[in-house]
Amino acid sequence: MTREQQLANGLGKTPEEVASMTSAELVQARDDLLRQIDQLNAWIAVLEAAHAVRHNP
C-alpha cells in the first residue's frame, strides 16, 4: 500500500478525493488526525497507569 493510499484510507477517502482537497481541507484533516492521536495517547497513559497500579502494589 502506498503512502497516498494509507493517507486516503485514514481520511476515509479515495486517493483521488484526497488529491482534490483544498489546502484548508487538508489542514483541517491534519488537525483532526492530530487531535485523535492526542486522545489515543491520553488513553494509553490511563491504561499504562492502571497496569502499573495492578502490577506494583
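Modeller: Let's start at Ala 8, which sits in helix 1, spanning residues 3-11. Helices here are DSSP runs of H or I with at least four residues, numbered from the N terminus. Before going further: this is a predicted model, where local features need pLDDT of at least 70, side-chain atom pairs count only at pLDDT 80 or more, and totals for chains, interfaces and linings use all residues. Residues are numbered from 1 along each chain as its sequence is written, and side-chain values use heavy atoms, with hydrogens and water left out.

Back to Ala 8: its relative accessibility is 0%, so it counts as buried (buried is under 20% relative accessible area, exposed over 50%, partly exposed in between, using a 1.4 Å probe and protein chains only). Leaving aside residues up to four places away in sequence, Ala 8 touches Lys 13, Thr 14, Pro 15 and Val 18, contact meaning heavy atoms within 4.5 Å. Ile 37 is 29 residues from Ala 8 along the chain, and their C-alpha atoms are 17 Å apart.

Now the charged pairs. Searching the whole structure turns up two salt bridges, each a side-chain nitrogen of Lys or Arg within 4 Å of a carboxyl oxygen of Asp or Glu. One joins Asp 31 to Arg 30, with 3.0 Å between the closest N and O atoms. Asp 31 is partly exposed at 27%, and Arg 30 is partly exposed at 46%. The other links Asp 32 and Arg 35 at 2.7 Å, N to O. Both of those residues lie in helix 3 (residues 23-55), three residues apart, or about one turn of the helix. Asp 32 is partly exposed at 30%, and so is Arg 35 at 44%.

Methods: Helix = DSSP H or I, 4+ residues; strand = E, 2+ residues; numbered from the N terminus.
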